[in-house]
Amino acid sequence: MKRILFLLLGVWLSSVLVAQPSDFDLYAELEGLVESVLAENENADVEQLMAELQQMKENPFNINQAGREDFQRLYFLSAMQIDQLLRYREQYGQIFTPFELNTIEGFDPKLIQVLQAFVVFGDTEIESPSFWARQELMIRAIRLVEEQKGFKEPAKYEGSPEKLYLRYRFSSANIRAGLTSEKDAGESFFRGSNPKGFDYYSGFVNVGLGQEKHQLYLGDYLVRFGQGLTAWQGFSLSKSAEVSRVGKFNQGIRAYSSTDENNYLRGLATSFSMQNWTWHTFVSYKNFDANRDSIDGEAVFTSFQSSGLHRTESEIEDKNSVSGLTTGVNLNYAGKHFSVGLSGIHFRYELPLARKEAAYNLFLFEGKQLSNLGLNYQWGMNRYFFFGEAGCSSGGGLATIHGVQANPADAVEYSMIYRNISKKYQAPLAGAFTEGSQVNDEQGLYLGVVVRPAAKLSLRMYADFFEHRWVKYTTVAPARGREYLVQGSYQLSNKWEVYSRYFNERKPVKVSGAYTKMNLDQTRQKLRVHVSGALSERFFLKSRIEWVWYEHDETADGWLVYQDFGYKSVQNKTNWWLRLAYFKTDNYDSRVYAYENDLLYQFSVPAFYGEGIRFYLNGKVKICENVEGWIKASRSWFLGVNSIGSGYSQIDGNQRTEVKFQLRFKF
């Protein structure tokens, strides 16, 4: 009887109160997550994340038909939230309205609004047309107005200063295909080293068979298994204020559609599913950027080049200079509340890898061949979700990561992750939860908790303790570090929210003494106050002030303040963001990061240092039913300087102006 009343009330309320979220609302909710990830890793592939979410948004699944693996593709859902939703569906049956989600533990109005973009509600017997097809063409151009040193005569860059992008997508009931091409600023276009046009091309064809239970991938793709100890390519969550979303879900193989020119595979891959079993196989052969050299007459490569830039003579020389063969399999069993998977991967390079002779390279992989083996698991039990993976690599390297996410009380969530990765462990495709960028030589314990002591108040905290048992590039001896974050959020009203965040990190970094180098603790502290809300259905404001304190062999501090003004038309045909910001820091060490709205599939979290003023205007216009346009114009004024940047990127003067333009055609 109680559920019937909820359903009757929900049908009425959802028709008058719950609106389908727009791209404007969706991006606003993902802002905090993206900002946290990019501040930790500026090379994180957020473009791939947004492409995947956009595809799911345009092809929503039925919330009553979806399995655990469908919900796991939505990064903003935690393991506990997915488990609670599935248990609710088991107990009560179909979910008819978004309002009904309010009765599920862990689902608040903001989360429900975002989730609506990816699901449909109601009758599970709704069928799709026997044949349908969608196509999309996107073009993008970006230009820095001021001339950089590399373009001045005699020019060091081979190409023009425009950054160009072209993307085509086709999707139907069982077939998805795409082509992505890009030219970075300074790279040639239909001349020089790129007589065939763009510098970078990527394509894929994905065919679903047997009601899409089986998948065939041709071209470029990603592999994501377990907790990332063996293989996890593309976007990966790490430490952030979203402390309940630290575990990974086994996603198998996914088509690749980003512009990261390194972190993907190229070849053939398959996924076969039968009842609770899924079998993934893949083979990849592709060229990659590397520094080639010769030792005693034998050709070798000494390092990987990951910038993806091919502007100068040396960068062009390194382009696709070495090839590699990668093969692998994954067998996964998924029960109702338990899953286990086994992965095996083998790598063979065209040339042996011979790293530079340095202490920090002593235990890193060298040679032509490397193998990885991994075993992962997930287990949901009432209010607890356990996950983990153990891996080994040829040469005797071992690694393990185990975690738990729990909801022991209605107002409390916590997460814990323990990892122990030996200095001999090597995994080229790994993307696990670690402090460093490499999944190698780290032992650590992460503890996170979310507490909601009152209806409108939430506290998010984490502490991470880590240790490296051998030297790193930034250290001269084994080292220990720790990192803390505390964030308090308060819902002032239905339309306004304020949060304050404190961050503290301490880890050893090498310094040069009078006679030798030694480790010295580096401390970085940040304090932020952020207010956001809506003046009306059309106008929005976001305000922030943030301070940074840095201490190492010298001290530095800085701060930033900005004001955002947002506008969204009633029918979402146009929306705009305007920002005015002022920043002042002593140097780069006390830099401040701040998220910026950008074009579709693009996110920007620039680092501000020195003293200056920042302005940008970013907007989207729906020109007609099948054509949309985006534009962003930005300018930074740096005070008290005569030039900006260094090397070939140097700009004479104190202004930096950038213009971006993008069109999307859907047919």
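Ten residues of helix α5 are buried: Ala79, Met80, Gln81, Ile82, Asp83, Gln84, Leu85, Leu86, Tyr88 and Arg89. The model is predicted.

**Helix α5**

Helix α5 covers residues 79–92. It has 14 residues, and 10 of them are buried, so the rest of the structure largely encloses it. Its length also fits expectation. At 1.5 Å a residue, the helix should span 20 Å, and its end C-alpha atoms are 20 Å apart, which agrees. Gly93 follows α5. The phi of Gly93 is positive, near 90°.

Now to the strands. β12 and β13 pair in the antiparallel sense. Six bridges join them. Arg292 has Phe301 of β13 as its bridge partner. Two residues lie between the strands of this hairpin. There, Asp296 takes a positive phi near 55°.

The elements discussed here have these residue ranges:

| Element | Residues |
|---|---|
| Helix α5 | residues 79–92 |
| Strand β12 | residues 290–295 |
| Strand β13 | residues 298–304 |
| Strand β16 | residues 367–381 |

**Gly367 in β16**

Gly367 belongs to strand β16. Is Gly367 buried or exposed? Its relative accessibility is 19%. Buried means under 20%, so Gly367 counts as buried.

Which residues does Gly367 contact, leaving aside its neighbours within four places in sequence? They are Tyr349, Leu351, Pro352 and Leu353.

Methods. Residues numbered from 1 in each chain as written. Predicted model: local features only at pLDDT ≥ 70, side-chain atom pairs only at ≥ 80, totals over all residues. Heavy atoms only, no water. Pairing = 2+ DSSP bridges. Helix = DSSP H or I, 4+ residues; strand = E, 2+ residues; numbered from the N terminus. Buried < 20%, exposed > 50% of the residue type's maximum accessible area, 1.4 Å probe, protein only. Contact = heavy atoms within 4.5 Å. Expected span 1.5 Å × (residues − 1).
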